[in-house]
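Work through the exercises below with the sequence and the model open side by side. Each task is followed by a solution in steps.

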Amino acid sequence: MDDKKPIAIIAVAMVVFLTGGAWWMSRSTRKPPAAANASPVAVNGTEAPIDKPGEVEPVNLPPLDRMDGFLRPLLSALSSRPELAKWLATDDLVGQLAFAIDQASAGGSPARDFKVIKPASPFVTGGRGVRRTIDPASYRRYDSLVQTVTSIDASSAAKIYKTIRPRLNEAYHRMGNPTSDVDNALRKAIDILLDTPVVKDPIAVVEDGKAGWAYADDELEGLLPTQKQLLRMGSTNVDRLLVWLRAFKAALD
C-alpha cells in the first residue's frame with residue numbers, strides 16, 4: 001500500500017473529481033439531498049436520488065489550454081468545500097481529469113496530479129506484531145474528502161461532464177488513446193469502483209516489506225489497485241461514495 005490515494009474516486013466521483021479519485025495511505029505504522037422528481041438508487045440499503053440532466057446544449061468551449069478559466073467557476077459553484085477550492089487552484093484541470101479517468105479505467109491509481117488534497121495525517125494500525133488491523137483514525141482522514149464529493153449534486157456533475165466532454169476527449173486522445181473515447185473509459189472506471197466488494201471493519205493488514213502494508217486477506221490483496229485503495233477509506237465512507245457514484249452513473253445515461 002503506497003503513500004498515494006486513488007483519486008480515481010474523487011476524480012471519477014466529481015466527474016472525475018471523485019473518485020476522484022486517489023486516497024493516500026502512508027507507509028507508516030450524505031447522502032446527497034433529495035431532488036424533486038428524482039428516482040432513488042440503492043447501495044447497501046442506502047438510497048441516492050437520481051435526477052436526469054437530459055440533453056446538454058452545445059457550448060462554445062475555449063481551446064484545451066484555456067479551459068481552466070472556463071472550468072473553475074463551473075465546478076466551484078457545485079460546492080464551497082475547501083478541498084475542491086484547493087484543487088481548482090491548480091493548473092491543467094481537464095488534463096488532470098483525463099489522466100485520472102485513463103488510469104482509473106485500467107484499475108490504477110492516478111494520484112500524480114492530486115497531491116494538493118491528500119490527507120495530512122498518517123496511516124495508523126491497531127494491535128501489535130506483524131498482523132494488525134487498520135485503525136479507525138485512518139478512515140477518518142478521508143471524511144472531509146468524501147463529504148466534498150457527496151455534497152455535490154450528482155446530476156449537476158453529470159451535466160458539467162457532458163458540457164466539457166469534447167475537451168476531455170481531446171485531452172484523453174493526446175495521452176495516447178487516439179481511437180478510444182473518454183465516455184467508455186469513464187464508465188469502465190466507475191464500474192470498477194462499483195464492483196469493489198463490501199468489506200466490514202476492522203480490516204486486517206500485514207507488513208509486506210515493500211509498500212509498507214498489504215491486506216492480510218489474499219482476495220482483497222488481489223483486487224485492482226483502485227479497489228484496494230477505495231477500501232482503505234473504511235466501510236462508511238465507501239458506502240457513501242458508492243451511493244454517489246451510482247447516482248452519477250445513472251445521470252450520465
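**Exercise 1. A lysine in a helix**

Is lysine 228 buried or exposed? Give its location and its contacts as well.

Solution. The model is a predicted one.
- Step 1: Lysine 228 sits in helix H10, which covers residues 225–231.
- Step 2: The relative accessible area of lysine 228 is 12%. The cut-off for buried is under 20%, so lysine 228 is buried.
- Step 3: With neighbours within four places in sequence left aside, lysine 228 has contacts to Tyr215, Leu220, Glu221 and Leu223.
- Step 4: For tyrosine 215, 13 residues away along the chain, the C-alpha separation from lysine 228 is 8.6 Å.

**Exercise 2. Helix H11 and its aromatic pair**

Compare the span of helix H11 with the expected value, then classify the ring pair formed by tryptophan 244 and phenylalanine 248.

Solution. 
- Step 1: H11 runs over residues 235–252, 18 residues in total. From first to last C-alpha it reaches 26 Å, close to the 26 Å expected at 1.5 Å a residue.
- Step 2: Of these 18 residues, 13 are buried, and H11 is thus described as mostly covered.
- Step 3: Two aromatic pairs are counted in the model. For tryptophan 244 and phenylalanine 248, the ring centres are 5.3 Å apart and the planes make an angle of 20 degrees. Planes under 30 degrees apart count as stacked, so this pair is stacked.
- Step 4: Tryptophan 244 and phenylalanine 248 are four residues apart in helix H11, which means a separation of about one helical turn. An α-helix has 3.6 residues a turn, so residues three or four places apart point the same way.
- Step 5: Tryptophan 244 and phenylalanine 248 are both buried.

**Exercise 3. The nonpolar cores**

How many residues does the largest nonpolar core have, and which of them have the most contacts inside it?

Solution. 
- Step 1: The largest core has 46 residues. Leu71, Trp87, Leu168, Trp244 and Phe248 have the most contacts within this core.
- Step 2: At least two core residues come from each of H2 (67–76), H3 (82–88), H4 (93–105), H6 (143–150), H7 (154–174), H8 (182–194) and H11.
- Step 3: Another core, of 11 residues, lies apart from the largest one; Tyr139, Ile203, Leu220 and Leu223 are among its members.
- Step 4: As background, nonpolar side chains tend to be buried together in soluble globular proteins.

**Exercise 4. Salt bridges**

How many salt bridges are counted?

Solution. 
- Step 1: The count is nine salt bridges.
- Step 2: Arginine 187 bridges to aspartate 253, with the closest N and O atoms 2.7 Å apart.
- Step 3: Arginine 187 is partly exposed at 28%, whereas aspartate 253 is exposed at 57%.
- Step 4: Aspartate 191 and lysine 249 form a salt bridge with an N to O distance of 2.6 Å.
- Step 5: Aspartate 191 has a relative accessible area of 28% and lysine 249 one of 27%. Aspartate 191 is partly exposed, and lysine 249 is also partly exposed.

Technical notes
Residues numbered from 1 in each chain as written. Predicted model: local features only at pLDDT ≥ 70, side-chain atom pairs only at ≥ 80, totals over all residues. Heavy atoms only, no water. Expected span 1.5 Å × (residues − 1). Buried < 20%, exposed > 50% of the residue type's maximum accessible area, 1.4 Å probe, protein only. Core = buried A, V, L, I, M, F, W, Y, C linked by side-chain atoms within 4.5 Å. Phe/Tyr/Trp six-rings, centres within 6.5 Å; stacked < 30°, edge-to-face > 60°. Salt bridge = Lys/Arg side-chain N within 4 Å of Asp/Glu carboxyl O. Contact = heavy atoms within 4.5 Å.
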